[in-house]
Amino acid sequence: MPQTRPRRSALYMPGAKARALEKARTLPADALILDLEDAVGPSEKDAARRMVVEAVRAGGFGPREVTIRVNGLETPWGEEDLEAAAEARPDAVVIPKVDRPEDLAEAAARLDAAGAGEVALWAMMETPLGVLNAREIAAASRLACLVMGTNDLVKELGAEHTAERAEVATSLGICLLAARAHGLAILDGVYNAFKDREGLEAACRAGRAMGFDGKTLIHPDQLEAANRVFAPSDAELELARRQLTAFEETRAKGEAVAVVDGRIVENLHVETARALIAKADAIAKLEAGAA
């Protein structure tokens, strides 16, 4: 089942921009990805690393889940990024372009050696090899979340972005299966046209319908749609509560199946209803803490 901790929205924030890091403390994002990789040019890497460490250590992010996306260990900046992340102690470190479980094992070992054994890992799924190895990657220890990197994936596939997303449908499905098989959260890729509100809304709805816990975002203006679409609606919660009540009443009579609005309610529907209510409660708690 989807994770209880809300991850409706995970906003990338450029690590080289001090104003963005400060603004992140006030934005209604469930999770923040303070980025040292794609959003930071080579000449800014060292400064960005220092700013991100200072920001995370200073705190003030409230209940938001704070993560740092490092550069890959094969790059000139990866080792120092991991050392800095170990010093900062975020909730998680996001590892880019994970191809195999050994990539995560190496990152975990370096964090452990630096005394940051409590820091979780998120894996970016953005290469064909990574998708093909999703089952093994999802079984890695310390891993909490898979993050779809659809822009890189489309590039690596030699494909083109389409509204229907047929070009990444197989990859999304494989990674979803792997995440659910190992009890992980999983986030959909970004929607590039951040000023296209209708397109973003449709993309969020499609992602939720497919089973994603939330969506990665590139602009604060995208937060409202993601938070709303990936949260249970009032109508869904009302139905879930009626299903639970009907099922409990049916069980009290010694029967196994209830009926609500002309539809059968069985154990599987009850599990879904309880998960939905738990998610709504977790969102309310998070939003109260961020207020």
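Author: Happy to; we can go through the sheet, the cores and a few helices.

Author: This is a predicted model, where local features need pLDDT of at least 70, side-chain atom pairs count only at pLDDT 80 or more, and totals for chains, interfaces and linings use all residues. Residues are numbered from 1 along each chain as its sequence is written, and side-chain values use heavy atoms, with hydrogens and water left out.

Reader: Great. How many strands close into the barrel, and in what order?

Author: Eight strands do, in the order β1-β2-β3-β4-β5-β6-β7-β8, with parallel pairing. From one strand to the next, the twist averages 25 degrees. Strands here are DSSP runs of E, at least two residues, and helices are runs of H or I, at least four residues, numbered from the N terminus. Two strands pair if DSSP finds at least two bridges between them.

Reader: How many bridges join β6 to β7?

Author: Three bridges join β6 (residues 143–148) to β7 (residues 185–188), and the two run parallel. Across that pair, L146 stands opposite I186. Helix α8 (residues 166–181) packs on the sheet and touches β5 (120–125), β6 and β7, contact meaning heavy atoms within 4.5 Å. The direction of α8 makes about 160 degrees with that of β7; such angles run from 0 to 180 degrees between N-to-C directions, and axes are lines fitted to C-alpha atoms, for helices over the stretch in contact.

Reader: What does L146 touch?

Author: Leaving out residues up to four places away in sequence, L146 touches A123, M125, I137, C175, A179, L184, A185, I186 and L187. L146 is also among the residues with the most contacts inside the largest nonpolar core, along with V93, L104 and L143. That core has 67 residues, and its largest share, six residues, comes from α8. Apart from it lies another core of 14 residues, including A92 and W122.

Reader: What counts as a nonpolar core?

Author: A set of buried Ala, Val, Leu, Ile, Met, Phe, Trp, Tyr and Cys residues joined through side-chain atoms within 4.5 Å. Buried means under 20% relative accessible area, exposed over 50%, and partly exposed in between (1.4 Å probe, protein chains only).

Reader: Which residues are buried on each side of β4?

Author: On β4 (residues 92–95), A92 and V94 are buried on one side, V93 and I95 on the other. In a regular strand, side chains alternate between the two faces of the sheet. Three bridges join β3 (residues 65–69) to β4 in parallel, and I68 stands opposite V93.

Reader: Switching to helices: at what angle do α3 and α4 cross?

Author: Roughly 50 degrees, with the axes of α3 (residues 78–88) and α4 (residues 101–113) coming within 9 Å. That makes α3 oblique to α4, since angles under 35 degrees count as roughly parallel, over 145 as roughly antiparallel, 65 to 115 as roughly perpendicular and the rest as oblique. The contact is made by E79, L82 and A86 of α3 and A107, R110 and L111 of α4.

Reader: And how do α2 and α3 cross?

Author: The axes of α2 (residues 45–58) and α3 come within 9 Å and cross at roughly 15 degrees, so α2 is roughly parallel to α3.

Reader: Last one: is E54 buried or exposed?

Author: E54, which sits in α2, is exposed, with a relative accessible area of 54%.
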